[in-house]
Amino acid sequence: FNLGGGVAKTVMQAGLWQPAGELLSQEGLVVAVGSVQRRALRPLPLVRVYLGESWALEGHVTIAYVYRTASVEETYLLGISLDF
């Protein structure tokens, strides 16, 4: 089980830095929980169940609140991984 949380903020738009006043606003702010942690480039699953010595079933779930649209977005992913 691997639960993580994260906050993201847009600091550049169309190749230009946001003005300092907008950096402190909620515009471009996203708060997420779930499978948001990474080890190098590999995302860590929310749940990992080993099916043997090398095979595992992985479940990724992320729920994010986007302040700009005042909406909740969900992402689900189920897969099998092989460790060698």
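**Overall form**

The chain has a radius of gyration of 17 Å, whereas a compact globule of 84 residues would have one near 12 Å; this radius is taken over C-alpha atoms, and the globule rule is 2.2 Å times the number of residues to the power 0.38. This is a predicted model, in which local features need pLDDT of at least 70 and side-chain atom pairs count only at pLDDT 80 or more, while totals for chains, interfaces and linings use all residues. Residues are numbered from 1 along each chain as its sequence is written, and side-chain values use heavy atoms, with hydrogens and water left out.

**The chain as a whole**

- Taken along the principal axes, the box filled by the C-alpha atoms of the chain is roughly 55 × 25 × 20 Å.
- The chain contains one helix and nine strands, where helices (H or I, at least four residues) and strands (E, at least two) are DSSP runs numbered from the N terminus.
- Read from the N terminus on, the order of these elements is β-β-β-α-β-β-β-β-β-β.
- Of the 84 residues, 23% count as buried; buried means under 20% relative accessible area, exposed over 50%, and partly exposed in between, with a 1.4 Å probe and protein chains only.
- Among contacts between residues at least 6 apart in sequence, 46% join residues at least 24 apart; contact means heavy atoms within 4.5 Å.
- The chain has 6 positive and 7 negative charges, and their mean positions are 5 Å apart.

- His-60 belongs to strand S8, which covers residues 55–66.
- His-60 counts as buried because its relative accessible area is 12%.
- Not counting residues up to four places away in sequence, His-60 touches Ser-35, Pro-43, Leu-44, Pro-45, Leu-46, Thr-75, Tyr-76 and Leu-77.
- The side chains of His-60 and Glu-58 are joined by a polar contact of 3.5 Å; a polar contact is a pair of N or O atoms within 3.5 Å, of which, within protein, one must be able to donate a hydrogen and the other to accept it, and residues adjacent in sequence count only if both atoms are side-chain atoms.
- Val-61 also lies in strand S8, and its relative accessibility of 25% makes it partly exposed.
- Outside the four places on either side in sequence, the residues that Val-61 touches include Val-33, Leu-46 and Tyr-76.
- Val-61 and Val-47 are 14 residues apart along the chain, and their C-alpha atoms are separated by 8.8 Å.
- Thr-62 is in strand S8 as well, and it is buried because its relative accessibility is 18%.
- With residues up to four places away left out, Thr-62 touches several residues, among them Ala-32, Val-36 and Glu-73.

**Strand S9: Ile-80**

- Ile-80 lies in strand S9 and counts as exposed at 58% relative accessibility.
- Leaving aside neighbours within four places in sequence, Ile-80 is in contact with Trp-55, Ala-56 and Leu-57.
- The C-alpha atoms of Ile-80 and Val-49 are 9.6 Å apart, and these residues are 31 apart in sequence.

**Residues in loops**

- Most residues other than glycine have a negative phi.
- Ala-40, which is not a glycine, has a positive phi of about 60 degrees.
- Ala-40 is in the loop between strand S5 (38–39) and strand S6 (42–43), and it is exposed, with a relative accessible area of 73%.
- Ala-70 likewise has a positive phi, near 50 degrees.
- Ala-70 lies in the loop between S8 and strand S9 (71–82) and is exposed at 53% relative accessibility.
- Gln-18 is located in the loop between strand S3 (16–17) and helix H1 (20–23), and it is buried, with a relative accessible area of 14%.
- From C-alpha to C-alpha, Gln-18 and Pro-43 are 29 Å apart in space, with 25 residues of separation in sequence.

Methods
Lys, Arg positive; Asp, Glu negative; His and termini not counted. Charge placed at Lys NZ, Arg CZ, Asp CG, Glu CD.
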